[in-house]
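Student: Please take me through this structure step by step, and give each cut-off when its term first comes up.

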Amino acid sequence: MTQQPRRRPSKPYRRPQKDPVRILAFEALRAVDERDAYANLVLPPLLRKAREAGDFDTRDAALATELVYGTLRRQGTYDAILAQCVDRPLREVDPPVLDVLTLGAHQLLGTRIPTHAAVSASVELARVVLGDGRAKFVNAVLRKVAAHDLDGWLERVAPEYDEDPEDHLGIVHAHPRWIVSALWDSLGGGRAGIEDLLEADNERPEVTLVARPGRSTAEELLAAVGEDRALPGRWSPYAVRLAEGGEPGALDAVREGRAGVQDEGSQLVAIALANAPVEGPDRLWLDGCAGPGGKAALLAALAAQRGAALLASEKQPHRARLVARALEGNPGPYTVIAADGTRPAWRPGAFDRVLVDVPCTGLGALRRRPEARWRRRPEDLGGFAPLQRELLRQALAAVRVGGVVGYATCSPHLAETRAVVEDVIKGRGGAAVEAAWIDARPLMPGVPALGDGPDVQLWPHLHGTDAMYLALLRRTA
């Protein structure tokens, strides 16, 4: 009688271990991918829900935040690496699987999580959200990723700088090639400057508060937060920078609207417009693209101190409601309306000061919205161009002779900044406007490296702000 070979006893089924931190990070990445959502809008409610459920403490929230933002920032770099470890084009990998892989790659290459823990945690996440079959695929791919550290992979997947500078910098610093090229053109200079800028784009920005003049002060905010948890702003007299993990919503001044969260570059733009010299009266100001309300709230507070009034206009009604909420309690007169700045609801020449912070690609705020770098395309510039020019034309029509217009945008791209202003002044694509440049640099006292003027471009690596642009123009006829 032939003896049958013994079968190995099968392993008992083990239920996958649910990891609330990584499940939350995966959910946030899926929302960004599926709904074109922004992480800075998706993540806070997810974290709040997890805290209320008792699943998260402060350390868990910090880890989940790093996993989401870190994965999104370096997505292009991780895609280049994963492409070397997967036996098919990445576009053929199901998006949820790719999200788990990218999340795992970030843990392996971008954090201090030990290799075995990063792989096992990613495989367990895959078992929970994808199933056992796909978890095996995740395990096989991530073990290949773990064969090298980040520097080792970059040597393999990035071309030499001398062969292709833009592509080299794009893979090493996780920016699309076209954005590297555009930023480099705007910044000028050699390799060191552009590398510093790209590195700054990959750092988590500080949370900066603004004390609204006449309603609170930077000193009050510093005292409320504690000097061990906050620092004064670098350039704005109204700014306070929070230490990592600071909670703005815990402050009475923020809850009461006497202070708000606002990047220091945004504050500088509003302050410069408010301080630009005007000829004649100074009674009525306009914020022509006011949503979501940060600059409008600061302008309203500054206007109130001088006995001036602010009209805040925003095209989208839901954003106009955000503006109204930001301005609640302002001591001076103000009005908020929902109106299209290209079809003015006001008579020409009605205002002494006008700000238009125009819609743009947002390339100046990639620190805050890391997913935007992978979502934007060069052709987006053409979509914004007509709107930006028309908003500036209408702003110049809205200001009286001798009054001042500020054209601002959170993009350093030359096609969205100086080219727009020059086209409008010189009448390219429309009637020429009688306006003269005002040198904006003296209106940002103490701020270094502002260039040759008369306009101003702020930079994350030079000023610690978003890459805000400002041109100031005086209506001359």
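Student: Does Ser122 count as buried or exposed?

Tutor: Ser122 has a relative accessibility of 1%, to be read against a scale on which buried means under 20% relative accessible area, exposed means over 50%, and partly exposed lies in between (1.4 Å probe, protein chains only). This is a predicted model, in which local features need pLDDT of at least 70 and side-chain atom pairs count only at pLDDT 80 or more, whereas totals for chains, interfaces and linings use all residues. Residues are numbered from 1 along each chain as its sequence is written, and side-chain values use heavy atoms, with hydrogens and water left out. Because its accessibility is 1%, Ser122 counts as buried.

Student: Which residues does Ser122 touch, not counting those up to four places away in sequence?

Tutor: Ser122 lies in helix H6 (residues 115-129), where helices (H or I, at least four residues) and strands (E, at least two) are DSSP runs numbered from the N terminus. Contact here means heavy atoms within 4.5 Å. With residues up to four places away in sequence not counted, the ones that Ser122 touches are Val100, Gly104, Gln107, Val138 and Leu142.

Student: How are helix H3 and helix H5 oriented where they pack, and at what angle?

Tutor: H3 covers residues 58-73 and H5 covers residues 95-110, and their axes are 9 Å apart; axes are lines fitted to C-alpha atoms, for helices over the stretch in contact, and angles run from 0 to 180 degrees between N-to-C directions. Angles under 35 degrees count as roughly parallel, over 145 as roughly antiparallel, 65 to 115 as roughly perpendicular and the rest as oblique. The pair packs at about 100 degrees, which means that H3 is roughly perpendicular to H5.

Student: How far apart in space are Leu98 and Leu82, C-alpha to C-alpha?

Tutor: Leu98 is placed in helix H5 and, at 17% relative accessibility, counts as buried. Leaving aside neighbours within four places in sequence, Leu98 is in contact with Leu82, Leu90 and Val93. Leu98 and Leu82 are 16 residues apart in sequence, and their C-alpha to C-alpha separation is 9.1 Å.

Student: How many disulfides does the structure hold?

Tutor: A disulfide is a covalent bond between the sulfur atoms of two cysteines. The criterion applied here is a pair of cysteine sulfur atoms within 2.5 Å. For Cys289, which is buried with a relative accessible area of 13%, the closest cysteine sulfur is that of Cys360 at 11 Å, and therefore too far for a bond. The number of disulfides held by the structure is zero.

Student: In which loop does Cys410 lie?

Tutor: At 14% relative accessibility, Cys410 counts as buried. Its contacts, leaving aside neighbours within four places in sequence, include Asp357, Cys360, Gly362 and Met468. The place of Cys410 is the loop between strand S9 (399-409) and helix H19 (418-426).

Student: What is omega for the cis peptide bond that joins Gly453 and Pro454?

Tutor: The peptide bond from Gly291 to Pro292 is cis, with omega near 0 degrees, and Pro292 is found in the loop between strand S5 (284-287) and helix H15 (294-305). Pro454 is placed in the loop between strand S10 (435-438) and strand S11 (456-457). For the cis bond joining Gly453 and Pro454, omega is about -5 degrees.

Student: How far apart are the C-alpha centres of domain 1 and domain 3?

Tutor: The domain assignment, whose bounds come from an automatic or database source, gives domain 1 (20-150), domain 2 (207-261) and domain 3 (264-475). The contact between domain 1 and domain 3 takes twelve residues from domain 1 and nine residues from domain 3. The C-alpha centres of domain 1 and domain 3 are separated by 38 Å.
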